[in-house]
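Dear colleague,

I am handing over the structure below, and I would be glad if you read the notes that follow with the structure open beside them.

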Amino acid sequence: MPNCRPCRAPRTRGGRFAVIDPATGEAFDDSPDQQPDELDGVVGRAHEAWQSWRTDPVARATALLAAADAVEAAGRGLAPLLTREQGKPLAESYAEIAGTAARLRYFAEPAPEPRPITDGRPVRGEIRWRPLGPVAAIVPWSFPLQLASAKIAPALAAGNTVVLKPSPFTPLATRLLASVVSAALPEDVLTVVTGREPLGARLASHPGIRHVTFTGSVPTGRAVAEGAAASLARVTLELGGNDAAILLDDVDVERVAERLFWAAFRNCGQVCTAVKRVYAPARLCSSVAEALAQYAKSDGGRAVSGGHRLDRLGYFFAPTILADVPSDSPAVTEEQFGPVLPVLPYGSLDEAVEAANDTCYGLGGSVWGTDLDRAEAVADRLECGTVWINHHAEPSLAQPFAGVKESGAGVAGGPWGLYGNLRPFVVHRPQEA
Ligand code: NAD
């Protein structure tokens, strides 16, 4: 599958920007290049729509269920479009659409009931959860639909309205998704804006936005937080990762190799929680690299070697397993976000844990071995938001999803994702005699 996005901004013509097929490197369609001055109207209409959308939680849950069904029914239109602009194989596009519908369905629950509180005084207190207002959802190109739904679903379920901004690399499937979902919603409850920067920056700092929920890189996340500081809007940031997988000395290399390979190379390695570094006991290191290379070779990758672009149209890079890489190499210390996986040796487990944690990132991690209790004891020492044993990058819809260090701020996913879109409103009244 193609990867390696062009670094330059998309070309524009007649108020529209070109959308590139990464399999050919050619423009195949375009999308409106909306300007920041349009945001006042968009956010204003989202605020108007919020006045009635916020009032009926049961209607909201019903609408989300209808939207989930509609997304599934639209899969045959969405999947090829997603593949064309994003580059992932068609089967992965269908899987993403299933994940998109699953998120809409998961959050199709009425908002939390009011909850009594007491500290022993003769006062009756009650927490009532209130929506925030218009939410800005800004998403990257790696999983444009699934990540959009992960933001839209809890925000809408909580009673907010949403202005969604996809990456300019993947605007088309997102616009189609939004038209499918919007058919189940009142007007202006969900709006998509497409365009080049500074559209995202201006959306994040717009005074009418009450929550900015952002997924993307660490530098952009920082800029978003700075922008939102102007209006002190709530900010949720889901940022990059450099997940380590630690293989223990009792690991069955042949048995785990295929799962480990796909944990690193699914979506062409362009997954925030992909395995991006493998630490193996020194005596197993070359057999681990060789076992992983079995799965890379069919597409031209070589074990124990650097990578190269494939000599063909489009943005293709050979899947690459790297060995003998210095631990301070950028392939180890930075998020590669591509089909490259360094395999590094360790002497003691303490060394492995220290190396895994020696990063500014803290999204996910994993430990692989036969003795599950021992693996779990090592997992417990990793500084990250989610850790898996003998698999990786398969979060649950019901879990809190939160990176530590520079991998994020705030919590998405599960009930925490819903509460991230609500504010507590507390009413106190005297106890009746
Ligand atoms: P990016 O930061 O370049 O862009 C993300 C979004 O922000 C895009 O819509 C982009 O147009 C927009 N944007 C760009 N500049 C902006 C600004 N100044 N203000 C507001 N918005 C702006 O990221 P990307 O290259 O699209 O995505 C890859 C990154 O996303 C990787 O670091 C990856 O790990 C991360 N990611 C994280 C998660 C997670 O859940 N933690 C999931 C997927 C991807």
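In this predicted model, a polar atom in the side chain of Lys 88 lies 2.9 Å from the backbone oxygen of Ser 142, and the side chain of Lys 88 also makes a polar contact with the side chain of Asn 267, at 3.2 Å. Lys 88 is placed in the loop between α3 and α4 (90–106), and with a relative accessibility of 1% this lysine counts as buried, because buried means under 20%.

Glu 85 belongs to helix α3 itself, which covers residues 75–86. This glutamate is buried as well, with a relative accessible area of 0%, and its side chain reaches the backbone nitrogen of Leu 172 at 2.9 Å.

Is Arg 283 buried or exposed? At 62% relative accessibility Arg 283 counts as exposed, since the cut-off for that word is over 50%. If you want a sense of distance across the model, Arg 283 and Gly 420 are 137 residues apart in sequence, and their C-alpha atoms are 46 Å apart in space.

Several polar atoms of the protein can be followed to the ligand one by one. A backbone N or O atom of Val 139 lies 2.7 Å from a ligand oxygen atom, while an N or O atom in the side chain of Trp 141 is 3.1 Å from an oxygen atom of the ligand. At Ala 201, a polar backbone atom is 3.3 Å from a nitrogen atom of the ligand. On its own the ligand has 850 Å² of accessible area, and the protein covers 86% of that.

Some details of the backbone also deserve a look. The peptide bond from Glu 197 to Pro 198 is cis, with omega near 20°, and Pro 198 sits in the loop between β8 (190–192) and α7. In the loop between α6 (171–182) and β8, Asp 188 has a positive phi of about 70° although it is not a glycine, and Asp 188 is partly exposed, with a relative accessible area of 24%. Lys 405 likewise has a positive phi, of about 50°, without being a glycine; Lys 405 is found in the loop between β16 (386–389) and β17 (408–409) and counts as partly exposed at 37% relative accessibility.

Gly 365, for its part, is placed in strand β15, residues 364–368, and counts as buried at 1% relative accessibility. Along the chain Gly 365 and Gly 385 are 20 residues apart, and their C-alpha atoms are separated by 8.3 Å.

Finally, the cysteines. How many disulfides does a search of the whole structure find? The search finds zero. Cys 360 is in no disulfide, and the nearest cysteine sulfur, that of Cys 384, is 14 Å away, whereas a disulfide would need the two sulfur atoms to lie within 2.5 Å. Cys 360 is partly exposed, with a relative accessible area of 34%, whereas Cys 285 is buried, with a relative accessible area of 12%.

Note on methods:
Residues are numbered from 1 along each chain as its sequence is written. This is a predicted model: local features need pLDDT of at least 70, side-chain atom pairs count only at pLDDT 80 or more; totals for chains, interfaces and linings use all residues. Side-chain values use heavy atoms; hydrogens and water are left out. A polar contact is a pair of N or O atoms within 3.5 Å; within protein, one must be able to donate a hydrogen and the other to accept it, and residues adjacent in sequence count only if both atoms are side-chain atoms. Accessible areas come from the Shrake-Rupley method with a 1.4 Å probe; for residues, only the protein chains shown count as cover. Buried means under 20% relative accessible area, exposed over 50%, partly exposed in between (1.4 Å probe, protein chains only). Helices (H or I, at least four residues) and strands (E, at least two) are DSSP runs, numbered from the N terminus.
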